[in-house]
Amino acid sequence: MAKQGFTGLLFVALCALTVSGFVPGGTNKRPFSSGVLHMVGTEKSFRVPVTLPNKVDEESADETKKEVLIFEPLLKEKSKIVEVRYDIPCSLNIEQCENTGLPICYLPGFNGDVPNDILRYTSAWTENGDCIMHDCCAGTWEECVEALCSNNEDNGGEIVLLYERALSSIYNV
């Protein structure tokens, strides 16, 4: 329990030091919208098309950048990928799971994220000003936090999150 509190505090501290865009306790201006189901998988790969946020400047305002992610499910049971988008600033309820080390949602969000969702990918901004999808489960917790915090009002004003959700949690099986 103490480790979770420390992790949450570390997450808040890193965000506070890094950017002002992802703000713990921030408000979400976008009305409720359920997540987008992209694909249901078992042993097969997910193939997920994603529209990346646009940079907030006049040059690239009309550009729409798309990416297709192909990746294996982490869960052994049937699962689906849910896309959730938030306007920035926003508040996210994500922590590092004590048992697995994976980033998970621990409280329901306003746009369709639910407890025990695994954060698979987030939009992230590079030093060159490019938006990419960062694999939150491939690196360290600190890299995941850094990717989340790179989303701010200067970089697109929106964050894209891809969660893996067990189908059994939907049907309460």
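In these legends, a residue is called buried under 20% relative accessible area, exposed over 50% and partly exposed in between, with a 1.4 Å probe and protein chains only. The model is predicted, so that local features need pLDDT of at least 70 and side-chain atom pairs count only at pLDDT 80 or more, while totals for chains, interfaces and linings use all residues. Residues are numbered from 1 along each chain as its sequence is written, and side-chain values use heavy atoms, with hydrogens and water left out.

**View 1. G101 in the loop between β5 and β6.** The loop that holds G101 lies between β5 (94-96) and β6 (103-105), where strands are DSSP runs of E with at least two residues and helices are runs of H or I with at least four, numbered from the N terminus. G101 counts as partly exposed because its relative accessibility is 28%. From C-alpha to C-alpha, G101 and C137 are 8.6 Å apart in space, although 36 residues apart in sequence.

**View 2. The cis peptide bond between I88 and P89.** Most peptide bonds are trans. The bond that joins I88 and P89, however, is cis, with an omega of about 10°, and P89 is placed in the loop between β4 (79-87) and β5.

**View 3. N116 and its positive phi.** N116 is not a glycine, yet its phi is positive, at about 75°. This residue belongs to the loop between β6 and β7 (118-125), and N116 is exposed because its relative accessible area is 60%.

**View 4. E142 in helix α2.** Helix α2, which spans residues 141-149, contains E142, a residue that is partly exposed because its relative accessible area is 43%.
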